[in-house]
Amino acid sequence: MISCILKTQSKILYTFLLALVVSFGAFAQASEQAEVAQKGVDPGATEGAEVTTGDPAVISAGEALFKNNCAVCHSAGSDVIVGPGLQGVTKKRSESWLISWTKNSQALIQSGDADAVAIYNQFNKQAMPSFAFSDDEIKSIFAYIDSGKGVVSAPAAGPEGAVAGENVGTDAIGAIGGYLDIVLVVLIIVLIVLVVTLLLITSLLKNYLNKNRQLNEYDAEVVNQRFDFSKVYKSNAVRSLVVLIFVVVLLDLTIEKTMGIGIQQGYAPKQPIAFSHKLHAGEHQIDCNYCHTTVYESKSASIPSANICMNCHSQIKTESAEIQKIYRAIERNEPIQWVRIHNLPDLAYFNHSQHTQVGGVECQTCHGPIQEMDVVYQYSPLTMGWCIDCHRETPLNTEGNGYYDKLVELHESSSKGAFTVSSNGGSECSKCHY
Amino acid sequence: MQDRIKYWKGIEELENTPEFEKHAHNEFPEFLPINGAEGGESASSGKTHRRDFLKLLGFSMAAVSLASCEAPVRKAIPYLNKPVDVEPGVANWYASTFYQGGDYNSILVKTREARPIKIEPNPSSGLTPLGTSPKAQGSLLGLYDNNRLRFPLIAGKEAKWEEVDNQIKSRLANVSGKVAFVSSTIISPSTKKLIDEFGSRFGNFEHVTYDVNSASGLLQANGGVIPGYDFSKANIIVGINADFLGTWVAPVPFAKQYIETRKINPDNPAMSRHYQFETILSLTGSNADVRVPIKPSEEAALVSALHSAVTGGSASGTAVDAKLLATVVKDLQANRGKALVVSGSNDPGVQELVKAINTALGAEGSTIDTAAPYYVKQGNDAAMLRLIEEMNAGSVGAVFFYNANPVYNHPLAARVASGLQKVGLKVSFADRVEETAKLADFVTPDHHYLESWNDFEPKRGFLSISQPVISPIFTTRQMQDSLLVWSNQSTDFYEYMRNNWRTVISGNFNEGWEKAVHDGVLENGTSLLKVSAPASTASSAIRKIQPSAIEAVVYEKVSMGAGGENSNNPWLQELPDPVSKATWGNYVAMPRQMAVDMGVKQDDVLKVTFANNESIELPALIQPGQANGTVAIAMGFGRDLDVMPVAKGLGASAYSIATVNDGAVLYTSGVKLEKTNATSPIAQTQTHHTIMDRIVVQENSFAKYKENPKEVTKYVRIATHEGPAKPAAISLWDDYEYKNHHWGMVIDLNSCIGCGACTMSCNVENNIPVVGKAEVLMRREMHWMRIDRYYSAKEHEPKDYAEMEHPADNPTVIFQPMLCQHCNHAPCETVCPVAATMHSSEGINQMAYNRCVGTRYCANNCPYKVRRFNWFAYANNDKFGFNEPMNNDLGKMVLNPDVTVRGRGVMEKCSFCVQRVQLGKLEAKRENRRPKDGEIVTACAQSCPTEAIVFGDMKDPESRISKILARQQGERAFHVLEELNVQPNITYLTKIRNLA
């Protein structure tokens, strides 16, 4: 059930006033969305200065390996996820020890290595799976850990996500509410002050005139007349105004509600398994790509199959009731039926890899602060207007992409504006509708 | 002065009938019964009352309000255990092979989320690297046919496989008499070996190969194989009733070879000359430079005369014009070693003569590759006839039917049925209970070919493999596995086949095998298939066909196949016949003169009485070019089976025309025709979407081309005060600037043979609905791409009576694929009131379905008549149940998930396969490069077996299309209706004929 009538009452007032400040509102809306878009595009800026002295190619190779294989249980910092945080581990242990541990930790424990047994016992005899990496690959992973890149990136996501998350659960009009509230309050205060001042002035003048008693009969009548409500009620102008306001409000509401049909922003259905992105993506820093395996390759990001869950949960939290549901699904050979949150209409074609890999758009740009969501909700309206706005504002991620080389030159020679998605044809019908 | 050529699409246009006039002026049928029969009185009167209107209004308001509050809960169900190589949303391709009744295609199967959705040619193949046949494209839907058997049957009742196996094994152990295995041609070396091994257990076993449209005579004359014809080496091609581009032997490889000699290299022009003598106007005859209609009874005399002339004698005794025959002989003799004569006759005597002609012309070793014969037809009529007699004599103990349905399609079907009564054990591997399976004790349904392992050798030294691309949908079992089980072997057919391949793969077997499976083909010259000269033969004397008043032939349709294998395929049923442009059913094709003499009009139902006194009723279709005194009826119709709901009630079976003559099956005999009072309309698309009298196709002679290539194409010039100017030079509109890509297409009319593979491929790729016979009759077919077939004949001066034969007697034919021209100044774009169709920055004329409100202004304003309107909801609509790809859960699996299924009331049209363009660009961007030429192709271009269609980026100066355009500008390149200055992105190349 979508919040259909929830905010209706406050909306009536809002909408009416909105009409008064419509030009201001439009400006606010445009500027804010531009800001959001700007933020989203910043391609995953790796904050913090380079601490490392290692070869960047090796480190980035190590980073990929780490994120896809290790990050599930280890952080590159000092905090414990399942296994220990790996910051500074190369100083504690020798390289050869680390390599043999990574390749087959159980063998090392069996061989009676004191350090190995100690760690094994320290972490509740939780066995680390064996990895068939080459020595160089393992070295690159530790080079990445030494570089400290993984440590700094962790807290960065938090505040940014929090800012982006402010508008959660609002629709197109509500989205500008932040500004509107302030404007309204100021306007109302100004109005009240004005009215009070005017009333004061009138009564002052009236008193003054009455005191002086220099008024003739006619003037006295004017000064001391009683306020006649029936006249206001019968006045054609007032009546027309009321009717006009009523019609405008009604029309506006109808249009707004009709346009809102099918928009499920804020939709947060209950899922068959209480999976928390906050825990996995937020606290444990598991890369999105680890579970959503095709997000860089395919049109769909793909919902992970149970065997991906089993990579960790064959070992971790095996007794949890929620995890037990996965075991049951596997035993019964019945796939888990998640509730689909992001529903694009069939007539719209959307391709994840176009946006993630080619465009360099962060997941959070459209999906919001996913790393803070216990229950995932639809962050963006997913309307065509929303898509097009972003396409109009977003400069193309052309850096280092041979596809765009000539196009960038051509664009720069003919236009001063940014080379946006739209200026490369990104708002044409058949880019998404076919 | 050159005679003016008059083009016409059908007799009705030639004669300008009132019906044609009316349709030509009204693009859309006049009324639309919106509410159908159930609408009640008020609806049928076409008026809506005020109260009804208000009720509807209120209801829709309520529905909309309700819909706004409650959104359906949709599920997202991931794999439980995702297979490693399946990525949701990413297509996988597997090499495989399609083979049916001679039609061989090495293919790639596109799968999405592990379900096959499209078939493409396999470029690794040496035989069929370019395109596919329409049947291969359509075969995909057979996989998702809801009427396939889901389990084996014992005496018509559902059974378990174990039970079936036990019963068959025990009955085989006690079999007495002959065991026969009847199949259509098997070109699988492993299957053949397996059948022989299976049969070796029995004392008396015979594998009888039975082809519906057999080449028995040809095989007998050539030692059991089909000579390795190579049309690409021939300067002179003479075809006698051999439709080698459409249905005869191996049409797809032949079309590729044939067109090599027909494409004109502008730097070194050369072109073969093709004579065709034939009864029906076949696809091949339509492409011939010189076509001569002959009666079936004249064929033997013609071949004899040719033989005698080629070997030094005189060409006499034939009814064919002596002057023309002399030209043919002269051409043949001048091109010794570069000439080829082929005949479609099934008479071994005639084929012996044809072989002698080819030997005399020195064809062997040049235009006939003696080292690499074709194996695609191996049917032995004599063996099948003998088996029928043996069955009737009661000496057959067990019979198996694999891809063979003689009770339906053998000329002696009644004898087959009566013989089967006397056979102890009858097993059919049919995929449904068809005519033969109905009489079988066991039906053990075979997998669809896309679910099976198999190997193929269509030509000596050309091996290919098919692999399962989907796990079996039903509990069917591959025939080969059944045989292995019944002969108590524990290996499955996959292992069996692998072992069989150990002899052909050199080096590391596993690596070699993986590579062969990956490539789909292995062409290292080694051969696996054992083919021997037929044991039973018919006499090789030339059979005399008694001339009769009306000689009939039964022929194979290009899109339907011979034996009715594809009857239940709605895609293929709705694909117009390349020549007659008729859909959904067969008909009596008769020449105009006969129709005039008999007083028969098109669609009049005729009673056809065969030699065996059986009769059928079919409507008449007046077929220009049909030899006078003959009629033709297509094979594969008249199915009356509930398991073939699509085909039920369409046409009538005409296999009885085929007669046994001295041990050979000849597909002709005399018939009697009677007019009935009934009429039955034929759903013919030829005059739909007519372009009226404007010049849209261009052709010229090869002689003229060699003289001056700049004069073969007529270019329209507009008179201005500065003299004549190109239409494009005078324009009201501003031109678009294309910065990135500019997609375009070149269609070579010289290469297009009109087979319809492009139309079929487009249908599959773009989820185009099947509308059914009634709607085709209403001119509402939805094909985005059509092949316009124009008949033409020279117009003579009215006084020149002697010269003036009727243009419909033997017209020349020209094919023109017609699709959205993606005009740069598109007339449709300017008239759309809601901007649902507009131009993209890459030159594509886009169509946004969800914005379209269905005014149909665009279609009215389109000079090419390529826009299609969704008059009905074709999906999820019981009234269009035959539209299987959109109306049942299984059929829907064939839909392309990247293309929207359009709803009612919107316009649609060719999109230049924009989904492929987008994907191609994305792939390039992901790899940080520009797209490579040839990487992005439309479905039509990809499926064309003759490369008639070239698609590419006209902005890229190195692309093939840019080079062709640069070379052909001013010579053969022209735009259709250039005078309208709509500036299409599709360019055609003038057809050149090598006239004698």
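Which strand of chain B do two bridges join to β1(A)?

1. **A strand pair across the two chains.** The partner is strand β2 of chain B, residues 75-76, and the two strands run antiparallel. If you want a residue pair to click on, Val339(A) stands opposite Lys75(B) in β2(B). Strand β1(A) itself covers residues 338-339.

2. **The rest of the contact.** Chain A brings 50 residues to the contact and chain B brings 43 residues. On the chain A side, the elements giving two or more residues are α16 (306-313), α17 (321-332), β1 (338-339), α18 (352-358) and α21 (405-414). The largest share comes from α18(A), with four residues. By class, this side of chain A has 22 nonpolar, 22 polar and six charged residues.

3. **Chain A overall, and where to be careful.** The secondary structure of chain A comes to 21 helices and one strand. Of its 434 residues, 22% are buried. Among its contacts with a separation of 6 or more, 73% are between residues 24 or more positions apart. The average pLDDT of chain A is 77, and 80% of the residues score at least 70. Over residues 1-53 of chain A the pLDDT stays under 50, and the model has 53 contacts beyond four places in sequence for them. Over residues 152-175 of chain A the pLDDT is also below 50, with 36 contacts beyond near neighbours in sequence. Where pLDDT is low, predicted coordinates should not be read in detail, so please keep that in mind before setting anything up from those coordinates.

4. **Chain B overall.** Chain B has 31 helices and 46 strands. Its C-alpha atoms fill a box of roughly 90 × 80 × 65 Å along the principal axes. For 996 residues, a compact globule would have a radius of gyration near 30 Å, and the 29 Å of chain B agrees with that. In chain B, 55% of the residues count as buried. Of the contacts in chain B between residues at least 6 apart in sequence, 75% join residues at least 24 apart.

5. **The β4-β5 hairpin of chain B.** Strand β4(B), residues 103-112, is joined to β5(B) by six bridges, and the two run antiparallel. Within this pairing, Ile107(B) has Pro121(B) as its bridge partner. Two residues lie between the strands of the hairpin, where Glu113(B) takes a positive phi near 45 degrees. Strand β5(B), residues 115-121, is largely enclosed by the rest of the structure, because six of its seven residues are buried.

6. **A covered strand in chain B.** Strand β14(B), residues 339-343, is mostly covered, with five of its five residues buried. Ala339(B), Val341(B) and Ser343(B) point one way from the strand, while Leu340(B) and Val342(B) point the other way. Strand β11(B), residues 236-240, pairs with β14(B) in the parallel sense over five bridges. In this pairing Ile240(B) stands opposite Ser343(B).

7. Four strands of chain B form an open sheet in the order β43-β36-β45-β44, with mixed pairing. β43 (949-953) and β44 (973-974) of chain B stand at the edges with a single partner strand each, so one side of each is left without a neighbour in the sheet. β36(B), residues 743-748, and β45(B), residues 986-989, pair in the parallel sense over four bridges, and Ile747(B) has Tyr988(B) as its bridge partner. Helix α31(B), residues 960-968, lies across β36, β43, β44 and β45 of chain B and runs at about 110 degrees to β43(B).

8. **A three-stranded sheet that includes β1 of chain B.** This open sheet has the order β1-β37-β38 (chain B) and antiparallel pairing. Its edges are β1 (5-8) and β38 (812-818) of chain B; each has a single partner strand, so one side of each lacks a neighbour in the sheet. The twist averages 30 degrees from one strand to the next. β1(B) is joined to β37(B), residues 786-794, by four bridges, and Trp8(B) stands opposite Tyr791(B) in β37(B).

Key:
Residues numbered from 1 in each chain as written. Chains lettered and ligands numbered in written order. Predicted model: local features only at pLDDT ≥ 70, side-chain atom pairs only at ≥ 80, totals over all residues. Contact = placed C-beta atoms within 7 Å. Nonpolar A, V, L, I, M, F, W, Y, C, P; charged D, E, K, R; others polar. Pairing = 2+ DSSP bridges. Buried ≥ 20, exposed ≤ 12 C-beta atoms within 10 Å, placed from the backbone. Axes fitted to C-alpha atoms, helices over the stretch in contact; angles between N-to-C directions. Rg over C-alpha atoms; globule rule 2.2 N^0.38 Å. pLDDT = per-residue confidence, 0-100.
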